[in-house]
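Visitor: Could you walk me through this entry and tell me what stands behind each label you use?
Guide: Gladly; here it is.

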Amino acid sequence: MIWDLYDKNFKKTGKVVQENNIDDIPDGLYHLTVNVWIINSSNEVLMVKKSLNYDLRYPGYWTSINGNVVSGDDSYSTIKKIILKKIGIKLTNTDKIIKLGEDIRKPYHYIYETFIIQKDLNLETIFTDEIYYSKAEWINIEEIKNMISNGEIEFPLIERIEKYILPFLKSKN
């Protein structure tokens, strides 16, 4: 896959990089990724547990649904694609995707955009497999805090959870 590269102001530069050449991304340029958090009407977050596929980063850890934005796509089309691909849920035009923020993750040359979708889902309709995710659960705010303390959540997400997700959940209580 080919990824567009962005500058520190989150603007496309016109430059691209092959997915398997991420070490070739020059300083000051970044690849775009999305982290998506689905929150239900009970103010619980859909967390997915990564399978023990050791081709993945952080196998066995709890995470959000995330993916890389390929060249020519935008964040919103990527979100629809990854939700369908990774958990088997097709988003509709009435599903509101809300962007909470964006951050640069140095030294990895990534821009992480954090989004939420407020949607009730039946856990039985969520697709899991041994490639991406082995399990999905609705997790409340106290359980998220405990999972962070217990080291169950992939550690690069903790800062974003504390910066974006926990304040959003607290604002809804």
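Guide: Of the 173 residues in the chain, 48% count as buried. This is a predicted model, in which local features need pLDDT of at least 70 and side-chain atom pairs count only at pLDDT 80 or more, while totals for chains, interfaces and linings use all residues. Residues are numbered from 1 along each chain as its sequence is written, and side-chain values use heavy atoms, with hydrogens and water left out.

Visitor: Why is a residue called buried, partly exposed or exposed?
Guide: Buried means under 20% relative accessible area, exposed means over 50%, and partly exposed lies in between, with a 1.4 Å probe and protein chains only. Take His109: its relative accessibility is 14%, so His109 counts as buried. Phe10 has 26% and therefore counts as partly exposed.

Visitor: How do you know whether the radius of gyration agrees with a compact globule?
Guide: The radius is taken over C-alpha atoms, and the globule rule is 2.2 Å times the number of residues to the power 0.38. For 173 residues a compact globule would have a value near 16 Å; the chain has 16 Å, so the two agree. Along the principal axes, the C-alpha atoms fill a box of roughly 45 × 35 × 35 Å.

Visitor: What share of the contacts joins residues 24 or more positions apart?
Guide: Contact means heavy atoms within 4.5 Å. Among contacts in the chain with a separation of 6 or more, 62% are between residues 24 or more positions apart.

Visitor: What makes a group of residues a nonpolar core?
Guide: The members are buried Ala, Val, Leu, Ile, Met, Phe, Trp, Tyr and Cys residues, joined through side-chain atoms within 4.5 Å. The largest such core has 26 residues, and Ile38, Leu46, Ile65, Ile79, Ile83 and Ile87 touch the most other members. Two or more residues each come from strand 3 (30-39), strand 4 (45-50), helix 1 (75-87), strand 8 (110-118) and strand 9 (133-139). Strand 3 gives the largest share, five residues. Apart from this core lies another, of 20 residues, including Trp37, Met47, Ile116 and Ile161.

Visitor: Which residues does Ile87 contact, leaving aside neighbours within four places in sequence?
Guide: Ile87 is in contact with Ile38, Leu46, Val48, Ile65, Ile82, Thr125, Ile126, Phe127 and Tyr133.

Visitor: Why do you say that the buried residues of helix 2 line one face?
Guide: The buried residues of helix 2 (residues 141-149) are Ile141, Ile144, Met147 and Ile148. Seen down the helix axis, they fall within an arc of 120°, so they line one face. The arc is that of the directions from the helix axis to the C-beta atoms. These residues pack against strand 4, strand 5 (62-63), strand 9 and helix 3 (158-172).

Visitor: What makes a pair of atoms a polar contact?
Guide: The atoms are N or O within 3.5 Å; within protein, one must be able to donate a hydrogen and the other to accept it, and residues adjacent in sequence count only if both atoms are side-chain atoms. The side chains of Lys119 and Asp95 make such a contact at 3.0 Å. At the start of helix 2, a side-chain oxygen of Asn140 comes within 3.0 Å of the backbone nitrogen of Glu142. A polar atom of the Asp120 side chain lies 2.8 Å from the backbone nitrogen of Ser41.

Visitor: Is Lys119 buried or exposed?
Guide: Its relative accessible area is 18%, so Lys119 is buried. Lys119 sits in the loop between strand 8 and strand 9, and Asp120 is found in that loop too.

Visitor: What is the phi of His109?
Guide: His109 has a positive phi of about 60° although it is not a glycine. Its place is the loop between strand 7 (97-105) and strand 8. Phe10, also not a glycine, has a positive phi of about 65°.

How values were computed
Helices (H or I, at least four residues) and strands (E, at least two) are DSSP runs, numbered from the N terminus.
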